[in-house]
Every structure is written in structure tokens, then in C-alpha cells.
Amino acid sequence: MWESLEQVGWVHVLGTTGWLYSSVSVIHYFTLLFFIGTIVLVDLRILGLADRNQTISQLADQLLPWTWIGFTLAMISGFLLFTTDAGDYAPDHVFQAKMLVILVALVFTIVVHRGQRKWNQLPSVPTAAKVIAAVSLLLWIGAILAGVDIAALSGLG
């Protein structure tokens with residue numbers, strides 16, 4: 001199934017045109033860093049380590065649209081990169097672990113963004129919120145490390 005995806009015309013062109021593949025790669029890495037950076041800023045604000053001049057809600061409201069734009073572009077570009085070697089990546093355990101960590105990190109990010117207004121109204125940020133933000137940070141770091149380690153651990157990429 002995955003190998004047939006690699007044979008689709010536009011996927012073949014993407015995989016065999018160096019400048020095109022490189023451009024999609026750059027877009028993928030840039031948008032990953034961009035959207036994870038916005039998540040990290042909110043998580044660090046919840047932990048009391050960043051931008052104490054704004055409330056959590058003010059910062060989150062400014063960054064949330066950019067977070068989801070970056071996430072969408074990272075997922076589209078990541079899918080495009082995946083299609084060029086789908087038959088190799090899909091069964092790879094390191095790649096599967098990366099996808100699982102991203103999914104769990106995304107759940108934590110949604111929990112943070114849904115809870116931030118309530119936490120903002122309290123006299124101090126609850127410990128549970130800080131734990132959720134810290135776990136979110138660790139998961140996104142784990143996702144980055146898993147992505148980097150795919151080549152080293154499985155020889156792909």
C-alpha cells in the first residue's frame with residue numbers, strides 16, 4: 001500500500017527533484033521550529049519562566065493563530081516528505097514512536113490552550129497546570145529528538 005503512494009506522479013517528481021525536495025524539507029523544519037516555539041513560549045509562561053509582563057491568556061491569544069498555522073504547514077510538508085519514502089517510514093518503529101509522541105504532545109498542547117484562561121484568572125498558576133506545561137515541553141523535545149534520531153537509529157532519511 002505505502003509503496004504505491006511512492007509511485008504517484010507528483011510524489012515521484014517531489015522525490016527526484018533535488019531543489020523541490022530540499023525546499024519542502026526547509027519549509028518542514030522551519031514550520032516545526034516555528035510552531036513548537038510558540039508552544040514552548042506559552043508553556044514557559046505557565047511555568048513562570050517567560051514573558052511575565054503579559055498574562056498567560058494575552059500571550060496565548062497572540063500566539064495561538066500562529067501555532068495552528070505553523071502546525072498545519074508542518075503537517076502538510078511532513079506528509080509530502082513522508083510520501084517520497086512511505087514504504088520505508090511507515091513500518092519503522094522509530095518513525096512510529098515519533099508520530100505517537102507528536103500525537104500525545106498535541107493532546108497536551110490542546111489541554112494547555114483550553115485551560116489557560118481558567119488558570120489565568122486564579123491568584124497563582126496551579127501546580128497541575130505547571131506539570132501539564134512541563135510535560136508538554138518534554139513531549140515536544142521528545143518529538144524533535146525522535147525525528148532527528150530516525151536517521152541514526154534506522155538509517156532512513
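A: Happy to! A helix here is a DSSP run of H or I with at least four residues, and helices are numbered from the N terminus. Keep in mind that this is a predicted model. Let's look at helix α4, which spans residues 56–84.

Start with its nonpolar side. Ile69 is found in α4, and Ile69 belongs to a nonpolar surface patch of about 600 Å², together with Phe30, Phe34, Trp66, Leu73 and Ile76. Helix α4 gives the patch its largest share, four residues, while α3 (18–46) also supplies at least two. How exposed is Ile69? Its relative accessible area is 42%.

Asp61 sits in α4 and Arg117 in helix α6 (residues 93–121), so the pair ties together parts that are 56 residues apart in sequence. Both partners are partly exposed: Asp61 has a relative accessible area of 40%, and Arg117 has one of 42%.

Finally, a word on α3, the other helix that contributes to the patch. The axes of α3 and helix α2 (residues 9–16) come within 5 Å and cross at roughly 90°, so these two helices are roughly perpendicular to each other. Their contact is made by Val13, Leu14, Gly15 and Thr16 of α2 with Gly18, Leu20, Tyr21 and Val24 of α3.

Conventions: Residues numbered from 1 in each chain as written. Predicted model: local features only at pLDDT ≥ 70, side-chain atom pairs only at ≥ 80, totals over all residues. Heavy atoms only, no water. Patch = residues over 30% accessible without salt bridge, like charges linked within 9 Å, V, L, I, M, F, W, Y side chains within 5 Å. Areas by Shrake-Rupley, 256 points an atom, 1.4 Å probe, with all protein chains shown as cover. Salt bridge = Lys/Arg side-chain N within 4 Å of Asp/Glu carboxyl O. Buried < 20%, exposed > 50% of the residue type's maximum accessible area, 1.4 Å probe, protein only. Axes fitted to C-alpha atoms, helices over the stretch in contact; angles between N-to-C directions. Parallel < 35°, antiparallel > 145°, perpendicular 65-115°, else oblique. Contact = heavy atoms within 4.5 Å.
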